[in-house]
Amino acid sequence: MDSVVTTPLLYSKSSRINLFLVNIKSLFSRSKSARDKQIERLLSHSFGVSPKEINLYRQAFCHKSAARNIHNDPHSSNERLEFLGYAIIDSAVAEYLYRTHPTAEEGEMTKMKSRIVSRINLNKTAVEMGLDTLIETDSQATNSRQSISGNAFEAIVGAIYLDKGYKKAKTAI
């Protein structure tokens with residue numbers, strides 16, 4: 001429990017009130033954890049985003065193995081954010097290809113999009129950005145190690161979408 005400073009009566013009434021308010025604020029404002037600071041730094045540097053809802057980004061870095069076996073909450077994994085993020089990435093890349101390849105046919109654009117958003121490219125991009133250093137897993141995650149980073153990338157895009165909107169998510173990609 002946080003210690004509360006007692007205010008001696010020798011201070012003026014307004015000073016005691018101000019000190020009281022400072023004490024109250026300190027009870028409700030918690031300093032950020034080292035992990036939250038790392039997440040914020042990475043998001044700022046790699047995606048140009050300053051999070052409002054840090055819980056979304058914590059969840060984006062939480063692999064299902066950690067959600068189940070460490071947090072005992074399978075709903076806290078990044079899988080739903082991953083699903084959403086993939087749709088945002090797919091949409092943004094499709095729009096980009098549509099605008100930059102005005103004479104390309106549907107099949108050709110589909111092939112280009114598939115290459116761009118392939119698991120290999122998403123994993124590589126995620127590792128290059130350093131996302132893999134913040135992903136929370138447990139030892140059972142070894143079977144899916146190769147795709148964890150790309151999945152987290154998708155989840156982060158989903159978190160950005162929920163926190164900042166489509167335009168910012170699209171720009172971050």
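A search of the whole structure, a predicted model, turns up 1 aromatic pair. The partners are F47 and F153, with ring centres 5.8 Å apart. Their planes stand at 40°, so the pair is tilted; the stacked class needs an angle under 30 degrees and the edge-to-face class one over 60. F47 belongs to helix α2 (residues 34-47) and F153 to helix α8 (residues 145-164), so the pair ties together parts that are 106 residues apart in sequence.

Burial is next. The table lists relative accessible areas for F47, F153 and S77.

| Residue | Relative accessible area | Class |
|---|---|---|
| F47 | 6% | buried |
| F153 | 6% | buried |
| S77 | 5% | buried |

S77 counts as buried because its value of 5% falls under the 20% cut-off. S77 sits in the loop between α4 (64-69) and α5 (79-100). A polar atom of the S77 side chain lies 3.3 Å from the backbone nitrogen of E79. Leaving aside residues up to four places away in sequence, S77 touches Q59, C62, H63, K64 and A67.

Now the whole protein. The secondary structure comes to 9 helices and 0 strands. Along the sequence the pattern reads α-α-α-α-α-α-α-α-α. Of the 173 residues, 35% count as buried. The accessible surface is about 11,200 Å², and carbon and sulfur atoms hold 54% of that. Among contacts with a separation of 6 or more, 61% come from residues 24 or more positions apart.

Notes. Residues numbered from 1 in each chain as written. Predicted model: local features only at pLDDT ≥ 70, side-chain atom pairs only at ≥ 80, totals over all residues. Heavy atoms only, no water. Helix = DSSP H or I, 4+ residues; strand = E, 2+ residues; numbered from the N terminus. Buried < 20%, exposed > 50% of the residue type's maximum accessible area, 1.4 Å probe, protein only. Polar contact = N/O pair within 3.5 Å; in protein donor to acceptor, adjacent residues only side chain to side chain. Contact = heavy atoms within 4.5 Å. Areas by Shrake-Rupley, 256 points an atom, 1.4 Å probe, with all protein chains shown as cover. Phe/Tyr/Trp six-rings, centres within 6.5 Å; stacked < 30°, edge-to-face > 60°.
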